Amino acid sequence: MAPVMEIHNALGVNWEEPDPDHYRKVLIRITWDDEEEPAVLVPLGDFFGIGHCMPNSYQSALFTVSAKPEESLIFGGSAALNCWAPMPFNKRARIELVNENDLPIQQYFYIDYELFPDELPEDTLYFHARWSRSNPCNGWAPDIQTNSPEVNIVDVTGEVARASAFGPARATPAGPILWVIGEDQAS
């Protein structure tokens with residue numbers, strides 16, 4: 001088996017019946033090589049940066065989402081989803097969509113990959129993604145944070161090539177409130 005340095009996948013989803021929570025009820029699960037546990041286990045919408053199940057078109061270095069104008073910012077609106085993140089593996093990759101909804105989904109997908117003649121070095125970093133949330137998230141007053149515990153967004157040990165977090169938040173009329181440890185005021 002030839003190792004693969006990266007996978008570029010594209011996925012389009014449509015719903016036969018509307019459900020505003022489709023993007024949370026469908027999971028993306030990716031397992032590398034012969035691992036027993038998935039390296040990626042995330043609701044589909046959160047993996048692609050679709051906060052609160054409301055797709056809107058955007059483009060970044062690693063992800064793109066394309067929603068038709070009439071589907072944009074509508075709960076559960078259909079969209080085309082692309083991931084350009086490098087996802088190396090040696091033997092195999094298993095990419096699954098798990099529909100935990102009672103309603104069916106329609107999808108199309110393609111996966112681009114590049115084969116290499118030699119195995120990847122032992123120190124190759126594999127792509128991982130996890131999802132978590134605090135629900136309910138009590139403690140927010142209209143003006144400022146009150147009695148809310150700190151939330152640990154990422155906890156990493158070992159060598160890391162890139163760590164990032166996506167967290168959709170409800171905003172106040174003045175905009176979102178984000179407190180960063182070590183900062184004097186919210187941003």
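Me: Hi! Which residue stands opposite Ile28 in β3?
Reply: Ile28 has Val42 of β3 across from it. Strands β2 and β3 pair in the antiparallel sense over four bridges. Two strands count as paired if DSSP finds at least two bridges between them. The strands themselves are DSSP runs (E, at least two residues), while helices are H or I runs of at least four residues, and both are numbered from the N terminus.

Me: Before I go on, what kind of model is this?
Reply: This is a predicted model, in which local features need pLDDT of at least 70, side-chain atom pairs count only at pLDDT 80 or more, and totals for chains, interfaces and linings use all residues. Residues are numbered from 1 along each chain as its sequence is written, and side-chain values use heavy atoms, with hydrogens and water left out.

Me: Thanks. Which sheet do β2 and β3 belong to?
Reply: They sit in an open sheet of four strands, ordered β7-β2-β3-β9, with mixed pairing. The edge strands are β7 and β9 (129-130), each of which pairs on one side only.

Me: What holds strands in a sheet together, in general?
Reply: Strands of a sheet pair through backbone hydrogen bonds, either parallel or antiparallel.

Me: And the whole chain, how many helices and strands are there?
Reply: The protein chain has two helices and nine strands. Starting at the N terminus, the order is β-α-β-β-α-β-β-β-β-β-β.

Me: How much of the chain is buried?
Reply: Buried residues make up 33% of the 187 residues. Buried means under 20% relative accessible area, exposed means over 50%, and partly exposed is in between (1.4 Å probe, protein chains only). The accessible surface of the chain comes to about 12,600 Å², with 51% of that belonging to carbon and sulfur atoms. Those areas come from the Shrake-Rupley method with a 1.4 Å probe, and for residues only the protein chains shown count as cover.

Me: What else does β5 pair with?
Reply: β5 also pairs with strand β6 (residues 79-83), in the antiparallel sense over four bridges. There, Val65 has Leu81 of β6 as its bridge partner.

Me: OK, charges next. How many salt bridges are there?
Reply: The count comes to six, where a salt bridge is a side-chain nitrogen of Lys or Arg within 4 Å of a carboxyl oxygen of Asp or Glu.

Me: Which one involves Lys91?
Reply: Lys91 meets Asp34 in a salt bridge (3.3 Å, N to O). Lys91 lies in the loop between β6 and β7 (93-99) and Asp34 in the loop between β2 (26-32) and β3 (40-43), so the pair ties together parts that are 57 residues apart in sequence. Lys91 is partly exposed, at 47% relative accessibility.

Me: What other partner does Asp34 have?
Reply: Asp34 also forms a salt bridge with Arg92 (3.8 Å, N to O). This pair links distant parts of the chain too, with Arg92 in the loop between β6 and β7 and 58 residues separating the two. Arg92 is partly exposed at 41% relative accessibility.

Me: Which residues are linked in a salt-bridge network?
Reply: Arg29, Arg94 and Glu96. Within it, the closest N and O atoms of Glu96 and Arg94 are 3.5 Å apart. Glu96 is partly exposed at 24%, and Arg94 is partly exposed at 32%.

Me: Last topic: which non-glycine residues have a positive phi?
Reply: Among them are Asp33, with a phi of about 50°, and Cys53, with about 65°. Most residues other than glycine have a negative phi. Asp33 is in the loop between β2 and β3 and is buried at 11% relative accessibility. Cys53 is in the loop between α2 (44-47) and β4, and is buried at 4%.
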